[in-house]
Amino acid sequence: MNINITQEKTAQRLKKVPSRIKMRTESEVRAYSYLPDSVKDDFLRNRKVRFARCHVYYPDLLLPDAKIAIEIDGGSHLSAKAQKHDQKKDKEFMENGYVVIRIKNEATECKTTFLYKLYHELIKVSDIKERKGGKRFVESIEDYLYAADEEEYLVDESELQFTDMFHEYTING
């Protein structure tokens, strides 16, 4: 009986949640949990962002000082309509100085995979380490990846290409 009361209260609360509030997916929650603790508090999750054109967006993860938006994309992003919306959103973020990084849901199944893919996208940004908080973010991921590599946490062969790229960048970059 208590279960029914709890379910009923939860349903009532959800009815009161405005439709403009974006609910977090399991993959988004996992992605946030994988961020290095040293930078986790710097991120905003599903926070409203409004630009001059008055469009409102809710990026999954946002590092506002470094102007980095991270989107975790699932199957709903495959339709033509969703892709058009994502392109519009990415364009508006970029016009306002943001870097938009899109990572597929599947990459959030493993912390090391997620952080390698995130790192791979971050190092493509030429001024990432000059952005406020960007250097600390990149270096915190590097610290994790070095430790993961040393302890051999790599779980599949697809990650080996990221390992090679990671070592090449940190030695030469």
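The model is predicted: local features need pLDDT of at least 70, side-chain atom pairs count only at pLDDT 80 or more, and totals for chains, interfaces and linings use all residues. Residues are numbered from 1 along each chain as its sequence is written, and side-chain values use heavy atoms, with hydrogens and water left out.

I begin with the cores. A nonpolar core here is a set of buried Ala, Val, Leu, Ile, Met, Phe, Trp, Tyr and Cys residues joined through side-chain atoms within 4.5 Å. Buried means under 20% relative accessible area, exposed over 50%, and partly exposed in between, with a 1.4 Å probe and protein chains only. The largest nonpolar core has 29 residues, and Phe43, Ile68, Ile70, Phe114, Leu118, Leu122 and Phe137 have the most contacts inside it. Two or more residues of this core come from each of α2 (26-34), β4 (61-63), β5 (68-73), β6, α5 (111-122) and α6 (134-150). Helices (H or I, at least four residues) and strands (E, at least two) are DSSP runs, numbered from the N terminus. The greatest contribution to this core, six residues, is that of α5. Another core lies apart from it and has seven residues, among them Val49, Tyr57, Ala69 and Phe93.

Is Glu71 buried or exposed? Glu71 is found in strand β5, and is buried because its relative accessible area is 4%. Its side chain makes a polar contact with the side chain of Lys89 at 2.8 Å. A polar contact is a pair of N or O atoms within 3.5 Å; within protein, one must be able to donate a hydrogen and the other to accept it, and residues adjacent in sequence count only if both atoms are side-chain atoms.

By way of contrast, I turn to a loop. Thr25 lies between α1 (2-16) and α2, and counts as partly exposed because its relative accessibility is 36%. Thr25 and Asn105 are 80 residues apart in sequence, with 9.5 Å from C-alpha to C-alpha.

Finally, the second largest pocket. A pocket is an open set of points on a 1 Å grid over the protein atoms alone, where a 1.4 Å probe fits, with protein on both sides within 12 Å along at least five of seven lines; lining residues have an atom within 4 Å of a point. Of the 13 residues lining this pocket, Asp73, His77, Leu78, Asp86 and Lys104 lie nearest its centre. Helix α4 supplies the largest share of the lining, four residues.
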